[in-house]
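Here is a quick briefing to read with the model open.

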Amino acid sequence: MGSIILEARDVRYRYPRGMEAIRGISFHVRRGEKVALVGPNGAGKSTLLLMFNGMIRPDSGMLLFDNEPLAYDRDSLRRLRRRVGFVFQNPDRQIIAPTVWQDVAFGPTNLGLSEEQVRAAVEAALGAVGLAGFGRRPPHQLSSGEKKRVAMAGVLAMDPDLLVLDEPTNNLDPAGSEDIMELLDELGEKGKTIFISTHDVELAYPWADRVILLRAGEILQEDSPEVAFGDPDLVRRARLSVPALLELHRELERRGLSSPGRRPRTVLDLVRSVEQATRGGGARPPCGAIHVCNVDVTGREALARWLSAHDGISIGAMGTRAKQRAAGDGLPLDFSYGVIDKCILKALNGRSSLILTVGGMVAQVEQRVARFREESGAAIEVRRVEGA
Amino acid sequence: MIGGMSALIFLAVTTPMTDLFLVMRRCGIPEPVLDLAMMIYRAIFLILDQLVQTYQAQRMRLGYSSFGESIRSLSTLCGSVFIGSWIAGEDLVRAMDARCSAGRFAMPGDVQPVRAGPVLAVSAFLMVSAVLVAITGSVTVI
């Protein structure tokens with residue numbers, strides 16, 4: 001666990017002529033953590049988030065960034081906002097420039113970077129969100145998902161340590177939401193601390209390291225997702241719903257169809273739990289293999305040749321670049337979110353799959369599968385698809 | 001006047017506004033004027049969006065069924081779009097603050113190179129137009 005990056009101490013805030021929106025909130029966020037602030041509409045989520053980069057100043061209590069109390073003079077705020085990137089709920093309200101390139105360049109330019117540095121930052125940010133080549137497009141011609149990505153790129157171009165996103169998947173279709181969540185996972189892997197607010201329980205449940213349940217300006221519960229969402233009474237009081245996975249697990253557990261104990265976070269967890277309870281460690285069919293391909297070193301023809309030799313294999317893509325490559329090569333993707341889990345599920349069923357990814361994530365796939373192999377004893381093999 | 005309008009419309013329908021901003025900066029138009037122009041250009045689409053949405057909502061509830069109704073609906077339309085754009089404007093300032101605004105806009109340095117084909121086509125068009133104007137200069141229609 002990293003050091004504390006953000007801390008709130010008994011923060012209170014009342015809107016002018018309004019009711020008290022934040023009623024004494026204390027919590028902390030550690031470096032590299034993925035935290036979801038979950039609560040119903042009007043719980044004060046947005047208000048609280050706006051305090052993180054000094055847009056709203058609490059009436060009492062204190063906020064600390066990197067163990068320094070927030071100061072509210074112009075220069076301190078500029079320094080703070082460089083390190084705390086804020087993505088608003090409505091991208092239309094965040095995109096200010098007439099072209100994508102100019103909008104993403106807005107932050108770096110105002111930080112006083114040189115033209116070369118600005119250009120490099122914009123290229124990198126647009127690449128990271130999968131919008132390379134969109135620079136000259138005007139924002140009003142983009143889809144909601146693309147606008148959201150532009151808004152995120154605008155913040156990423158300033159290279160913040162903490163990313164704060166207010167309802168990042170609001171107004172997006174399910175596939176768009178999954179893309180954004182995977183992008184957040186990718187950024188998390190790169191060491192960014194991510195804090196989102198949402199009322200989408202199903203989305204926050206598998207994604208977050210920690211969940212803060214908020215209701216009427218107060219923290220109801222702060223814990224790992226399986227604990228925070230595991231108490232039906234608490235969830236009802238927070239006007240949320242129990243994630244379908246947890247509910248299913250509870251019912252199966254009562255019927256002796258799922259092994260008690262650890263609550264499942266993913267479909268894979270649940271399947272294993274059910275298998276343990278029902279199969280009793282008996283013989284399992286031979287597992288399929290997971291093939292990993294680094295698309296940066298594998299050429300188009302080599303990949304096509306490999307695929308024609310493995311007809312009908314399921315394909316998943318991890319990461320923005322791999323997805324773009326799959327789209328460019330015209331490969332139909334079976335999975336684009338939670339890819340490793342889904343491929344392990346396939347393998348448990350005796351089917352093989354291919355994961356397209358880039359650079360360091362190949363090792364990540366191997367580690368994740370190796371860990372699963374140790375835990376479950378299922379002999380799933382990871383094979384690299386080599387370039388030639 | 002017709003000539004001026006034609007020239008303006010010709011420019012507007014053939015050249016993306018964003019490219020015009022670049023050229024304007026090269027011509028030495030002051031930065032604050034350009035920055036304002038760019039934000040106004042972006043705001044046009046946001047306000048237009050809101051206008052269409054509110055107008056449709058009114059139509060759906062028979063807001064323009066009679067003359068009196070139309071007048072009333074139009075006034076509320078103007079009012080709500082005004083308030084809406086005011087709020088959008090405040091949000092814009094907030095969004096700029098959140099990204100360390102010092103009031104500067106970047107311009108992409110790379111301009112698309114001038115190619116011979118379009119240059120020839122445009123000059124041919126202008127020449128034909130000029131000849132037409134010269135020939136028909138003495139003709140009075142009305």
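What follows is a short tour, by topic.

This is a predicted model, where local features need pLDDT of at least 70, side-chain atom pairs count only at pLDDT 80 or more, and totals for chains, interfaces and linings use all residues. Residues are numbered from 1 along each chain as its sequence is written, chains are lettered from A and ligands numbered from 1 in the order in which they are written, and side-chain values use heavy atoms, with hydrogens and water left out. Helices (H or I, at least four residues) and strands (E, at least two) are DSSP runs, numbered from the N terminus.

**A six-stranded sheet in chain A**

- In chain A, 6 strands make an open, mixed sheet in the order 6-7-8-3-9-10; two strands pair if DSSP finds at least two bridges between them.
- The edges of this chain A sheet belong to strand 6 (84-87) and strand 10 (218-223), each with a single partner strand, so one side of each has no neighbour in the sheet.
- From one strand to the next, the twist averages 15°; axes are lines fitted to C-alpha atoms (for helices, over the stretch in contact), with angles running from 0 to 180 degrees between N-to-C directions.
- Strand 7 (residues 162-166) and strand 8 (residues 193-198) of chain A run parallel and are joined by 5 bridges.
- Across that pairing, A:Val164 sits opposite A:Phe195 of strand 8.
- Helix 6 (residues 144-156) of chain A packs on the sheet and touches strand 6 and strand 7 of chain A, its direction making about 165° with that of strand 6; contact here means heavy atoms within 4.5 Å.

- Buried means under 20% relative accessible area, exposed over 50%, and partly exposed in between (1.4 Å probe, protein chains only).
- Strand 12 of chain A pairs with strand 13 (residues 353-357) of chain A in the parallel sense, over 4 bridges.
- A:Ala317 has A:Leu356 as its bridge partner in strand 13 of chain A.

**A:Phe27 and its surroundings**

- A:Phe27 lies in strand 2 (residues 20-30) of chain A, and its relative accessibility of 5% makes it count as buried.
- Leaving out residues up to four places away in sequence, A:Phe27 touches several residues, among them A:Leu6, A:Leu48, A:Phe52, A:Phe195 and A:Ile219.

**Cysteines**

- Over all chains, the structure holds 0 disulfides, a disulfide being a pair of cysteine sulfur atoms within 2.5 Å.
- For A:Cys293, the nearest cysteine sulfur is that of A:Cys343, 13 Å away.
- A:Cys293 counts as buried at 0% relative accessibility, and B:Cys100 counts as buried at 2%.

**Chain B**

- Chain B has 5 helices and 0 strands.
- Its radius of gyration is 22 Å, well over the 14 Å that the globule rule gives for 142 residues, so chain B is more spread out than a compact globule.
- That radius is taken over C-alpha atoms, and the globule rule is 2.2 Å times the number of residues to the power 0.38.
- Along the principal axes, the C-alpha atoms of chain B fill a box of roughly 55 × 55 × 25 Å.
- Of the 142 residues in chain B, 20% count as buried.
- Among chain B contacts between residues at least 6 apart in sequence, 53% join residues at least 24 apart.
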